[in-house]
Amino acid sequence: MIQMYHVYKTYARDVEALVDVTLHVEKGEFAFLAGPSGAGKTSLLRLIYRDEVPTSGQILVNGRNVVKLSQRHVPHLRRTIGVVFQDFKLLRDRTVYENLALVARVLGMRPAAGKRKVAQVLRLVGLSHRANAIPYKLSGGEQQRVAIARALMNDPMILLADEPTGNLDAELAADILHLLREINAKGTTVLVATHDQELVREYGRHVLMLKQGRVVEEYRDGR
Amino acid sequence: MIDRLRHAVTDAFTNLGRAGWGGLASVCTIAVAFLIVGIFLLLTQNLGAALAQWRDQYQVTVFLDDGITADQLALLKKRIANERAVRGVAFISKAEALQAFKRELKGRESLLEGLGENPIPASFQLRIRDEYQTPEALRQLAGFLTRLEGVEEVQYGQEWVDRMAAVLRVIQLIGLSVGIVLGLASLLIVSNTVRLAIYARAEEIEIMRLVGATKMTVRLPFLLEGLIQGGVGAGLALCLLLGAYRATLYQLQLAPGQIYGLGLGSFLPSGTAAALVAAGAALGGFGSLLSVSRLLRA
């Protein structure tokens with residue numbers, strides 16, 4: 001589902017974010033991208049949803065070469081990917097429902113279909129009763145659920161989560177991980193970037209360890 | 001498609017409501033800019049109208065020999081009316097001229113009592129076409145008329161025409177330069193205000209792009225909002241202008257059209273008003289689009 005071949009990403013002034021990264025995440029997998037902050041996790045995720053292009057190397061997402069993707073086709077790629085951030089990135093000036101409805105509009109859904117989809121994803125993350133709340137009045141865990149619901153609006157094949165539990169305590173973090181597991185069980189490939197070793201030990205099945213821009217270790221369950 | 005457009009317009013209004021003070025700032029800036037432009041337009045229009053009326057009143061008078069015969073008179077009138085510069089000819093007989101003179105003397109008619117014969121000559125009052133209202137053309141016309149049979153004297157206010165033309169040129173020049181400067185200034189201010197309002201929504205744009213919005217999808221709501229803001233701003237300016245105009249008339253205790261002498265006779269015609277609203281909408285939409293595109297490139 002996600003394949004990288006000898007990917008390098010160098011920023012201005014020779015800051016090497018990623019060095020010779022080669023990795024495979026299979027369809028339907030639940031994978032962790034682990035490593036300390038500054039290891040290049042965020043950079044790697046951004047390459048997948050084509051927020052950036054690598055300095056060199058090739059990246060295939062669902063069989064599509066995203067390095068050669070023209071600007072015009074980037075939206076099509078993004079509609080197959082859901083992204084969740086540590087800081088949720090919810091719009092503060094509108095309700096949970098409106099935050100999700102924005103995506104429905106962007107995707108060109110008819111109002112009725114959009115409404116149904118919003119109701120469906122809210123049910124999935126267990127927040128149907130919070131539809132009319134303003135995001136910042138919700139708890140951190142709830143906010144992250146809203147963000148996940150938003151990422152699911154387009155029925156993504158891949159869900160990328162960048163430190164999804166970074167702002168949450170252990171208990172809420174576990175809740176979010178369970179939710180991501182459920183989503184994964186329904187067939188979505190999930191890639192979680194985290195610096196939280198505890199989380200990786202407990203939930204990791206396929207773990208890619210990143211350090212100073214290099215994949216230094218990779219293991220799957222039972223190996 | 002229509003469904004989507006309607007949806008987009010509804011969204012635009014919702015977003016404007018959300019924008020609150022920021023959105024209001026854009027509307028107000030556009031309103032102020034258009035108010036200034038509107039005041040300027042209103043003044044130029046009314047000054048122009050007043051000048052046109054003064055010009056219209058301005059006439060060439062051809063005084064006639066007392067001994068002119070009816071045949072000569074008819075021939076003379078025909079020749080004058082055939083002149084290209086002449087728009088209209090009115091004959092004023094000796095009796096009529098005296099009558100008018102008496103009216104002007106109102107209350108002191110006794111001054112005329114000692115007069116045996118009517119001393120005032122008959123005359124033709126000529127109205128001149130606009131394109132001939134130049135000192136040079138009038139001098140030529142006067143020269144020609146003086147040589148005609150039955151004409152005693154030709155009078156025209158050359159000095160007055162010269163001064164008038166000069167004043168008009170100055171007013172037009174000032175108007176043009178003020179208009180250009182104000183137009184550029186308001187464009188700058190408006191685009192700046194709109195850009196600030198849009199930067200405040202950078203997060204929304206980021207999220208839209210993240211979930212796979214095409215550039216067009218991102219632009220459309222901002223374009224609509226800009227159009228609405230610009231149109232509303234210009235409309236607001238027109239309302240204020242109309243209010244101020246009415247208040248001025250009220251203060252002067254005058255009905256519209258009654259004060260041409262002051263150069264304040266009529267409000268902007270509906271076509272101009274519509275054009276101003278359209279220009280406001282275009283300005284808002286364009287400014288909005290420009291700022292979004294800049295954000296999209298970043």
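In chain A, residues 24 or more positions apart account for 69% of the contacts with a separation of 6 or more, where two residues are in contact if their C-beta atoms, placed from the backbone, lie within 7 Å. This is a predicted model, in which local features need pLDDT of at least 70 and side-chain atom pairs count only at pLDDT 80 or more, while totals for chains, interfaces and linings use all residues. Residues are numbered from 1 along each chain as its sequence is written, and chains are lettered from A and ligands numbered from 1 in the order in which they are written.

Chain A has seven helices and ten strands, these being DSSP runs numbered from the N terminus, with helices (H or I) of at least four residues and strands (E) of at least two. Of the 223 residues in chain A, 42% are buried; a residue is buried if 20 or more other C-beta atoms lie within 10 Å of its own, exposed if 12 or fewer, and partly exposed in between, with C-beta atoms placed from the backbone.

The largest nonpolar core holds 95 residues, of which A:Leu33, A:Leu100, A:Leu160, A:Leu191 and B:Phe34 touch the most other members; a nonpolar core is a set of buried Ala, Val, Leu, Ile, Met, Phe, Trp, Tyr and Cys residues joined through C-beta atoms within 7 Å. Helix α8 (residues 215–251) of chain B gives the largest share of this core, eleven residues. Apart from it lies another core, of 14 residues, including B:Val60 and B:Phe124.

Two residues of chain A may be set out by their contacts, leaving aside residues up to four places away in sequence.

| Residue | Contacts within 7 Å |
|---|---|
| A:Leu100 | A:Val118, A:Val121, A:Ala149, A:Arg150, A:Met153 |
| A:Arg145 | A:Val125, A:Gly126, A:Leu127, A:Leu179 |

A:Arg145, in helix α5 (residues 140–152) of chain A, is buried because 26 other C-beta atoms lie within 10 Å. The C-alpha atoms of A:Arg145 and A:Leu122 are 8.5 Å apart, although the two are 23 residues apart in sequence.

Between the chains, 16 residues of chain A are in contact with 13 residues of chain B. On the side of chain A that touches chain B, the elements giving two or more residues are α2 (74–78) and α3 (96–106), and α3(A) provides the largest share, four residues.

In helix α7 (residues 202–210) of chain B, the buried residues are B:Glu204, B:Met208, B:Arg209 and B:Leu210, and they pack against α2, β6 (81–84) and α3 of chain A together with α8 of chain B. After α7(B) comes B:Gly212, whose phi is positive, near 95°.
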